[in-house]
Amino acid sequence: MLVLSGGTGTPKLLAGLRQLVPDEDITVVVNTAEDLWVSGNLVCPDIDTVTYLFSGLLDTDKWWGIAQDTYYTHEALASAGHDEVLRLGDRDRSTHILRSEFIRQGASLTEAVSRTACMLGARANILPMCDETVSSMITTDSGKVHYQDFWVGQRGKPEVLGVEYQGAENTSVTNAIFQAVEREDNIIIGPSNPITSIGPILAVNGMRELMGSKHVVAVSPIIGCEPVSGPAGKLMRACGCEVSSKGVMQFYEGLLDVFVVDERDGLGLRDLRGMHVAMVSADTMMTSAGKSKALAGVVIGEMV
């Protein structure tokens with residue numbers, strides 16, 4: 001089973017899938033365009049959320065970071081006048097240090113992520129979307145900034161004029177992803193932000209072509225005209241996409257075989273009729289482990 005994931009909605013679906021499928025049978029291709037170097041170490045927020053989920057460390061109240069982590073290092077740095085755009089926990093920071101040391105010793109990002117995940121006890125196959133550096137850059141009314149500066153540093157407040165996957169033109173599908181996709185008949189696109197979580201994965205050279213022969217099931221992160229969480233609506237509008245399940249499906253044009261929309265999404269249920277994609281309605285609000293499992297069951301039921 002292969003899943004494309006960001007770091008918010010899709011990990012909740014992954015939590016449901018792993019109640020039905022052994023971790024060893026799950027491969028997750030994860031967005032890395034929100035990665036950045038902080039205080040000398042590479043932070044991979046979406047990779048870390050997925051890794052912590054599969055290692056049993058994830059703080060599932062926030063759906064990021066390690067449960068019951070402390071912040072002594074971050075607070076000491078702040079007291080010394082060193083500002084970090086991300087609030088990093090102490091145990092979380094150790095993950096970044098390990099990964100960065102592997103990279104400094106010559107490992108690719110794929111190798112560094114695999115070694116770190118193994119050390120933390122994760123048994124799923126967790127793959128970064130590419131080994132090259134890609135950055136989601138947000139053009140705002142006050143200039144171009146990295147996604148983390150926009151969403152965390154500026155709390156998503158500036159008006160968004162455009163989104164660019166800087167560096168994507170220099171990427172290529174890794175051997176690990178190529179082999180993983182070749183083994184699978186199905187690909188699941190999770191309910192993550194289509195613009196800055198899934199979009200960068202699809203922007204990797206060769207990714208769309210690789211997916212073209214597969215049966216693709218996607219879950220919409222939009223109900224009506226609003227995203228379930230995060231800045232997806234603002235980003236979709238800036239990219240010329242309608243903020244709706246229809247807009248999400250059009251963003252994934254040419255890839256989907258099945259599209260799962262929320263059962264409360266009257267707009268989506270109406271506008272998607274007649275499209276050349278099978279439409280399924282389900283409860284996509286994963287507010288409990290049971291609901292995550294139920295949605296995962298729906299998704300698995302649509303696989304060939």
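**Notes on the pockets and helix contacts**

1. When the residues that line the largest pocket are sorted by class, 19 of them are nonpolar, 15 are polar and seven are charged. Please keep in mind while reading that this is a predicted model.

2. The volume of this largest pocket is about 1000 Å³, and among the 41 residues of its lining, those closest to the centre are Gly7, Thr8, Trp63, Trp64 and Trp151.

3. Which elements give two or more residues to the lining of the largest pocket? They are α1 (9-17), α2 (45-55), α4 (90-104) and α6 (147-153). The largest share comes from α2, which supplies five residues.

4. Two of these lining elements, α2 and α4, can also be looked at as a pair, for their axes come within 12 Å and cross at roughly 110 degrees. Because angles of 65 to 115 degrees count as roughly perpendicular, α2 is described as roughly perpendicular to α4. The crossing of α2 and α4 is right-handed.

5. On the α2 side, the contact with α4 is made by Ile47, Asp48 and Tyr52, while on the α4 side the residues are Asp92, Thr95, His96 and Arg99. Sorted by class, the residues of this contact are two nonpolar, two polar and three charged.

6. A further pair joins α1, another of the elements that line the largest pocket, with helix α13, which covers residues 289-301. How do the axes of α1 and α13 cross, and within what distance do they come? The two axes come within 7 Å and cross at roughly 80 degrees, which means that α1 is roughly perpendicular to α13.

7. In this contact, α1 takes part through Lys12, Leu13, Gly16 and Leu17, and α13 through Ser292, Lys293, Leu295, Ala296, Val299 and Ile300. The residues of the contact of α1 with α13 divide into six nonpolar, two polar and two charged, whereas the contact of α2 with α4 has two nonpolar, two polar and three charged.

8. The second largest pocket holds about 230 Å³ of space. Its lining consists of 14 residues, and Trp37, Leu42, Leu109, Glu132 and Thr133 are the ones that lie nearest its centre. By class, the lining of the second largest pocket is made up of seven nonpolar, four polar and three charged residues.

Technical notes:
Residues numbered from 1 in each chain as written. Predicted model: local features only at pLDDT ≥ 70, side-chain atom pairs only at ≥ 80, totals over all residues. Heavy atoms only, no water. 1 Å grid on protein atoms, 1.4 Å probe; cavity = no way out; pocket = protein on both sides within 12 Å on 5 of 7 lines; lining within 4 Å. Points joined across faces, edges and corners; volume = space filled by probe spheres on them. Helix = DSSP H or I, 4+ residues; strand = E, 2+ residues; numbered from the N terminus. Nonpolar A, V, L, I, M, F, W, Y, C, P; charged D, E, K, R; others polar. Axes fitted to C-alpha atoms, helices over the stretch in contact; angles between N-to-C directions. Parallel < 35°, antiparallel > 145°, perpendicular 65-115°, else oblique. Left-handed = near helix turned anticlockwise from the far one by under 90°. Contact = heavy atoms within 4.5 Å.
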